[in-house]
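The sequence and structure come first.

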Number of protein chains: 2
Amino acid sequence: MAIENGYYSHDHHGDYELISVGELQLEEGGTIPDCRLAVATFGTLNEARDNAILIPTWFSGTHQVWRDVYIGTDHALNPDKYFIICVDQIGSGLSTSPHNADGPNASIAMSKFPDIRIGDNVVAQERLLREHFGIDKLALVVGGSMGAQQTYEWAVRFPDKVLRAAPIAGTAQNTPDDYLIAEVIREQIMSDPAWKGGEYSSNDEVVDGLTRMSHIWAIKGFSTEFWKQEVWRALDFESKEAFLAGFLEPYFTAMDPNDLLTQAWAWQRGDVARHTGGDLAAALSRITAKVFVLPIDLDQLFPPADCEAEARLIPNAEFRIVNDVLGHLGLFGVAPTYMVQIDRHLQELLDAEV
Amino acid sequence: MAIENGYYSHDHHGDYELISVGELQLEEGGTIPDCRLAVATFGTLNEARDNAILIPTWFSGTHQVWRDVYIGTDHALNPDKYFIICVDQIGSGLSTSPHNADGPNASIAMSKFPDIRIGDNVVAQERLLREHFGIDKLALVVGGSMGAQQTYEWAVRFPDKVLRAAPIAGTAQNTPDDYLIAEVIREQIMSDPAWKGGEYSSNDEVVDGLTRMSHIWAIKGFSTEFWKQEVWRALDFESKEAFLAGFLEPYFTAMDPNDLLTQAWAWQRGDVARHTGGDLAAALSRITAKVFVLPIDLDQLFPPADCEAEARLIPNAEFRIVNDVLGHLGLFGVAPTYMVQIDRHLQELLDAEV
């Protein structure tokens with residue numbers, strides 16, 4: 001049975017539309033009877049229908065951070081020029097997710113929610129764009145972290161539809177280290193007795209597990225230098241403990257444990273080589289998009305070296321390191337130097353002939 | 001009341017002697033009524049008493065790994081030339097520790113064990129060397145990780161007694177990131193309901209917490225490249241899961257939860273600047289020893305950058321990076337290229353006039 005969680009609401013996430021793409025058969029064999037995607041759009045689709053930009057979301061994040069930080073008339077992702085579609089991933093808590101599965105999805109609520117893969121998200125998004133928006137080609141797919149995983153999946157699975165791609169702080173094939181990190185993240189939740197195998201009645205009950213999970217983000221999501229340089233002072237906190245208690249812990253404890261587990265499971269298994277029998281080079285060679293591979297220099301989850309190895313396998317790719325002392329969670333756009341770099345890269349990519 | 005744990009025995013750790021240094025007043029205000037140190041020695045003290053080398057131990061480790069990997073007639077730490085004294089730290093499970101506090105220490109068993117600092121270990125070791133062995137000067141202090149913390153503490157606290165120092169993969173002042181990592185490690189144990197606030201009756205009861213702790217070591221103790229290059233294959237495992245289940249998990253679940261917590265607490269607070277009112281530069285400037293600062297290149301706990309910043313503050317220090325794909329746990333000496341580097345550096349340091 002679906003449960004209530006006020007965090008996943010218009011109050012907290014502003015405008016978005018829930019659009020059904022119907023029944024979704026899943027790669028792992030299950031089904032979402034009525035797959036509803038939370039979609040936020042910015043700008044207008046032009047008559048040629050060639051100004052569309054797709055943004056898939058990252059673990060625990062939604063369209064909200066893209067709207068607030070990345071999209072605007074002062075950014076490369078400019079709604080005056082582009083029709084920008086941000087699609088919250090399955091399990092995000094806004095789109096169909098364990099905690100909100102009701103009505104036709106009641107049979108897959110909570111612990112009964114099926115395993116979701118990166119590819120399932122991309123298939124659902126493609127259907128959404130084609131059937132609901134009549135969009136056949138994307139000027140750009142851009143996403144960070146799990147959004148980068150989906151970006152790569154788009155470029156490999158639907159090469160004819162993706163003209164440009166900008167995976168930020170993410171890989172096409174998840175690394176074993178990253179798999180283990182996500183497993184540790186999952187473990188923090190699942191080891192909380194209050195999780196009850198996924199059948200709790202409120203996220204508040206699982207506060208201990210969610211809090212511990214937030215601490216894994218503290219030591220892996222941020223860089224060593226973030227803590228050493230006390231960058232949290234720029235966010236008006238007086239100690240690292242206050243930053244944890246005032247920012248990182250409440251950020252995650254508001255969320256739904258099962259939803260996070262669903263996302264982390266997909267993250268662990270992101271791998272475009274599933275299309276080519278495990279041959280990563282063959283998969284990446286399918287990409288026809290012009291690609292800017294944009295890792296963050298101090299990222300502990302998707303280190304630049306891992307991203308660079310993949311970039312070399314993509315026909316038309318440029319490898320460009322983004323500098324950010326925050327590390328992976330630089331994606332939040334907190335550092336004043338971050339968006340300047342992202343905008344410069346995305347603008348150049350969008351301006352490039354393809 | 002002390003409890004049994006067969007891991008902390010001669011069966012598992014070979015020869016060592018338990019030597020009492022008497023009552024130890026602690027920096028945090030408590031007392032160990034009868035502080036017993038587990039000591040393993042190799043070689044013979046010469047008549048001039050100037051060939052002594054001290055080795056303090058790291059988190060979860062004992063003299064065992066030093067004996068098996070670092071010490072030998074084919075190594076720089078050569079018992080034919082030096083009198084090598086390896087002292088297991090307080091809380092190591094062999095020296096006085098929460099789980100084995102009995103007899104005169106019965107009042108501080110288990111959850112009643114006092115907080116121990118790096119400095120307490122060094123004070124106890126200095127007393128041991130002076131009173132038991134009649135050693136006044138050390139040709140070398142060498143240790144890894146928490147052993148490096150103790151090495152720095154020795155060089156700052158007793159500069160006249162330390163001629164040479166080789167801190168491997170550790171810092172003089174623990175970084176905030178490292179503090180948080182150790183807190184996550186502690187949290188894995190303390191969040192296990194079977195830990196019972198430290199009053200379990202067997203480490204086996206806390207297997208879940210210890211197992212989760214071992215997973216933190218998987219993602220922080222080893223490097224990204226360790227997992228990517230599947231270095232565990234060299235250890236005869238067939239998958240990363242088999243490596244976890246067959247090596248990392250049993251390694252840690254054999255240990256005592258309270259003992260590990262005691263060690264981690266000290267690790268979190270290692271800081272030579274306590275001697276100089278928080279002024280790290282002033283503390284490190286006290287060092288008269290010739291120092292080789294030896295970080296491991298892919299270390300996620302004590303990254304080379306942190307070690308280099310400290311090396312610059314030490315009057316007579318050389319900064320030398322050790323390359324090891326394992327990362328921090330390269331300290332185990334598994335890579336065939338590791339001890340070659342360590343021996344070269346230590347031999348050069350030992351041969352240097354001071």
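This is a predicted model: local features need pLDDT of at least 70, side-chain atom pairs count only at pLDDT 80 or more; totals for chains, interfaces and linings use all residues.

## Contact between the chains

How many residues of chain B are in contact with chain A? There are 21 residues of chain B in contact with 21 residues of chain A. On the side of chain B that touches chain A, the elements giving two or more residues are α5 (176-190), α6 (207-220) and α7 (224-228) of chain B. The most comes from α6(B), with 7 residues.

By residue class, the side of chain B that touches chain A holds 10 nonpolar, 4 polar and 7 charged residues.

## Domains of chain A

The domain assignment of chain A gives two entries: domain 1 covers 10-174 + 270-327 + 334-351, and domain 2 covers 179-262. Taken over C-alpha atoms, the centres of domain 1 of chain A and domain 2 of chain A are separated by 23 Å.

Between these domains, 19 residues of domain 1 of chain A are in contact with 21 residues of domain 2 of chain A. Which classes make up the side of domain 1 of chain A that touches domain 2 of chain A? That side of domain 1 of chain A has 9 nonpolar residues, 10 polar residues and no charged residues.

Strand β9 of chain B comprises residues 290-293. Lys290(B) and Phe292(B) point one way from the strand, while Val291(B) and Val293(B) point the other way. All of these residues are buried, Lys290(B) included.

Strand β9(B) is joined to two strands of chain B, β8 and β10. Strand β8 (residues 164-168) of chain B runs parallel to β9(B), and 2 bridges join them. In this pairing, Arg164(B) stands opposite Lys290(B) of β9(B). Strand β10 (residues 317-319) of chain B also runs parallel to β9(B), with 3 bridges. Here Val293(B) stands opposite Phe319(B) in β10(B). From β9(B) the chain crosses to β10(B) through helix α11 (residues 304-311) of chain B, and this β-α-β crossover is right-handed.

Definitions and conventions: Residues are numbered from 1 along each chain as its sequence is written. Chains are lettered from A and ligands numbered from 1 in the order in which they are written. A residue is buried if 20 or more other C-beta atoms lie within 10 Å of its own, exposed if 12 or fewer, and partly exposed in between; C-beta atoms are placed from the backbone. Helices (H or I, at least four residues) and strands (E, at least two) are DSSP runs, numbered from the N terminus. Two strands pair if DSSP finds at least two bridges between them. A crossover is right-handed if, with the strands pointing away from the viewer, the path from the first strand over the helix to the second runs clockwise. Domain bounds come from an automatic or database domain assignment. Two residues are in contact if their C-beta atoms, placed from the backbone, lie within 7 Å. Ala, Val, Leu, Ile, Met, Phe, Trp, Tyr, Cys and Pro count as nonpolar, Asp, Glu, Lys and Arg as charged, and the others, Gly among them, as polar.
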